[in-house]
Amino acid sequence: DNFDPARPLLIGGLLPSEDAMGFQQLRLKKHRWHRKILKNQDPLVVSIGWRRFQSIPVYSMQDANSRHRMIKYTPEHMHCHATIYGPLTPQNTGVVAFQSLGNKLASFRIAATAVVLEVDHSMKVMKKLKLVGSPSKVYKNTAFIGGMFNSSLEVAKFEGASLRTVSGIRGTVKKAVKAGAALKGANEKDKGGHAGAKGTEEGTFRASFEDKLLLSDIVFLRGWVRVDISRYYNPVTSLLQARGDSWVGMKTVGQLRYEKQLAIPVNVDSLYKPIERPNRVFNRLNVPKALQAALPFKSKPKTEAPRKRETLEQRRAVVMEPEEKRLATLVQQLNTIRNDRAVKKREAQAVKRKARAKDVKKEAEWREKHSKDERKKRYREQGQEEKRKMMKTH
């Protein structure tokens with residue numbers, strides 16, 4: 001119905017293996033002429049082989065232990081891995097990615113270039129997870145931690161995980177505690193004024209540590225959690241549109257906010273706030289007098305109680321002789337001269353330091369500019385070298 005004779009069509013075929021759907025891992029690099037970096041899980045239109053489709057990529061970097069760690073944005077001048085869902089394509093196939101197919105783009109259209117590295121039905125991408133909790137009951141080397149998980153199922157998933165407190169005490173997650181169970185030694189008064197067992201909250205678990213905790217300690221769990229990759233596949237059907245109509249796929253969150261004039265939501269918990277920690281006051285160490293008497297002299301406390309009355313040296317008046325007055329006046333005059341010279345010397349040193357700081361700042365700015373130019377040159381040469389290698393392999 002919408003055939004346009006002015007638009008040429010190139011018809012090709014697909015192999016039977018290319019009809020299967022699955023996850024593909026790409027080695028992707030943002031194009032140097034594209035103005036913005038690419039955000040994780042923003043929809044991209046990719047052109048792979050005979051197909052053009054829209055998918056939601058998850059960007060990651062490979063660690064030294066071969067773990068794929070999710071990143072929020074693509075690097076500026078480096079390659080990264082991108083995992084997408086779509087028809088399986090042979091390895092080493094070239095990929096071109098676009099953010100929009102509109103005809104009214106003022107900037108460079110190609111957002112990134114990539115190559116297919118691996119084809120798998122299940123890709124494993126991880127992201128860091130940091131959980132915080134606090135002890136609700138502390139025993140010798142065991143503590144019950146609450147506020148970290150919401151259910152016993154989550155605790156079971158992290159059994160055996162490593163814990164650490166702010167003070168550096170290490171521990172291990174043991175087992176979840178049944179919600180509402182009473183902890184031994186944790187009592188509180190109910191509404192009638194009678195003492196009753198305090199019930200645990202949902203998600204409380206038992207943990208063992210290498211030393212005894214304090215109730216004021218904060219417990220951290222640093223772990224990894226798997227990222228779910230969206231199975232989103234939207235083929236581009238621009239050739240089926242009527243003449244003058246443009247194909248519109250899924251829009252990014254930024255585009256939707258711009259079109260609807262919506263402000264970026266602000267999470268109050270994510271804002272930086274001044275940290276006010278009260279100074280902890282520890283009890284004094286009191287050594288019994290019987291123990292002090294049994295200690296050797298070098299181990300006895302040498303602190304004296306503060307005097308309530310002034311000593312004789314403080315109470316008596318001092319009357320100086322004429323010779324002593326003359327010597328005291330001379331010493332005072334010498335001290336005045338020395339202090340005046342010290343003030344002048346400090347002022348001169350401050351002026352020198354200011355001039356020196358100005359020169360150091362100017363040199364640092366020059367070095368930073370020179371280093372930036374060198375990095376740009378090196379990245380440009382690396383990109384050209386990789387491009388030549390890819391052309392040789394193809």
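Trainee: Which residues are linked with Asp 63 in a network of salt bridges?

Mentor: Arg 67 and Arg 69 are linked with Asp 63 in that network. Keep in mind that this is a predicted model.

Trainee: What makes Asp 63 and Arg 69 a salt bridge?

Mentor: Their closest N and O atoms are 3.4 Å apart. The cut-off is within 4 Å, so the pair counts.

Trainee: Is Asp 63 buried, partly exposed or exposed, and why?

Mentor: Asp 63 has a relative accessible area of 21%. Buried means under 20% and exposed means over 50%, so Asp 63 is called partly exposed. Arg 69, with 29%, is partly exposed too.

Trainee: What does the salt bridge of Glu 210 and Arg 170 tie together?

Mentor: The closest N and O atoms of Glu 210 and Arg 170 are 3.2 Å apart. Glu 210 lies in the loop between strand S15 and strand S16, and Arg 170 in strand S12, so the pair ties together parts that are 40 residues apart in sequence.

Trainee: How far apart in helix H5 are Asp 340 and Lys 344?

Mentor: They are four residues apart, which means about one helical turn. Their side chains meet in a salt bridge at 3.7 Å, N to O.

Trainee: Why is Lys 344 called exposed, but Asp 340 partly exposed?

Mentor: Exposed means over 50%. Lys 344 has 53% relative accessibility, so Lys 344 counts as exposed. Asp 340 has 41%, so Asp 340 counts as partly exposed.

Trainee: How many salt bridges does a search of the whole structure find?

Mentor: The search finds 10.

Methods: Residues numbered from 1 in each chain as written. Predicted model: local features only at pLDDT ≥ 70, side-chain atom pairs only at ≥ 80, totals over all residues. Heavy atoms only, no water. Buried < 20%, exposed > 50% of the residue type's maximum accessible area, 1.4 Å probe, protein only. Helix = DSSP H or I, 4+ residues; strand = E, 2+ residues; numbered from the N terminus.
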